[in-house]
Amino acid sequence: MTLEELVSCANTEEKMKSVSEAVEDLLVAAQRQGCLTVGVYESAKLMNVDPDSVVLCLLAIDEEDEDDIALQIHFTLIQAFCCDNDINILRVSGMDRLAAVLGESPQDNTEPRDLHCILVTNPHTGSWKSQGLAEVASYCEESRCNNQWVPYISLQAR
């Protein structure tokens with residue numbers, strides 16, 4: 001491995017960690033502002049009604065769900081819609097960490113929410129700014145320039 005490859009790997013790992021933290025901060029801020037839509041069906045409904053309000057689409061999946069054909073079909077359709085409407089898309093793994101960030105508790109007797117698709121919206125009533133959103137959007141744009149249309153990050157347990 002050359003020095004350039006070593007430096008590139010270190011920079012990539014650092015960038016992924018930075019983007020992962022930005023995603024977590026963004027999700028917490030969006031949830032506080034009421035700018036989060038959680039669930040595949042809920043997300044599809046919102047994108048059908050008001051696609052202009054969506055600023056980011058997170059598609060979350062862990063290894064055990066990768067064989068779920070229905071979920072993969074939903075993801076393909078959502079990705080196509082997001083590409084057609086210039087919505088940033090990000091694939092995420094680490095469902096347990098995602099649930100923890102969103103305050104989902106496995107001890108509740110209620111049915112857990114479907115965290116496979118999460119939309120971050122920018123309400124028409126007022127604009128909120130998030131440094132995390134700017135960093136994630138920059139990462140998505142950078143990835144598209146490198147012909148990676150749906151970038152991927154892994155949320156790590158802390």
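This is a predicted model: local features need pLDDT of at least 70, side-chain atom pairs count only at pLDDT 80 or more; totals for chains, interfaces and linings use all residues.
Close-up 1. Buried, meaning under 20% relative accessible area (1.4 Å probe, protein chains only), applies to 6 of the 6 residues of β3, which covers residues 88-93. In a regular strand, side chains alternate between the two faces of the sheet. Strands (E, at least two residues) and helices (H or I, at least four) are DSSP runs, numbered from the N terminus. Residues are numbered from 1 along each chain as its sequence is written, local features need pLDDT of at least 70, side-chain atom pairs count only at pLDDT 80 or more, and totals for chains, interfaces and linings use all residues. Side-chain values use heavy atoms, leaving out hydrogens and water.

**Close-up 2. Strand β3 pairs with β2 and with β5.** Two strands pair if DSSP finds at least two bridges between them. Strand β2 (residues 54-60) runs parallel to β3, with 5 bridges. Leucine 56 has asparagine 88 of β3 as its bridge partner. From β2 the chain passes through helix α3 (residues 69-84) to β3, a right-handed β-α-β crossover; right-handed means that, with the strands pointing away from the viewer, the path from the first strand over the helix to the second runs clockwise. Strand β5 (residues 152-154) is also parallel to β3, joined by 3 bridges. Here serine 154 of β5 stands opposite serine 93.

Close-up 3. A disulfide is a pair of cysteine sulfur atoms within 2.5 Å, and the structure holds 0 of them. Cysteine 117 is buried, at 0% relative accessibility.

**Close-up 4. Helix α5 has a buried face.** Helix α5 (residues 131-145) has 15 residues and, at 1.5 Å a residue, should span 21 Å; its end C-alpha atoms are 21 Å apart, which agrees. The expected span is 1.5 Å times one less than the number of residues. Gly132, Leu133, Val136, Tyr139, Cys140 and Ser143 are buried in α5. Seen down the axis, the buried residues fall within an arc of 130°, so they line one face of the helix; the arc is that of the directions from the helix axis to the C-beta atoms. Exposed (over 50% relative accessible area) residues Gln131 and Cys145 sit on the face turned away from the buried side. For cysteine 145 the relative accessible area is 62%. After α5 comes asparagine 147, with a positive phi near 60°.
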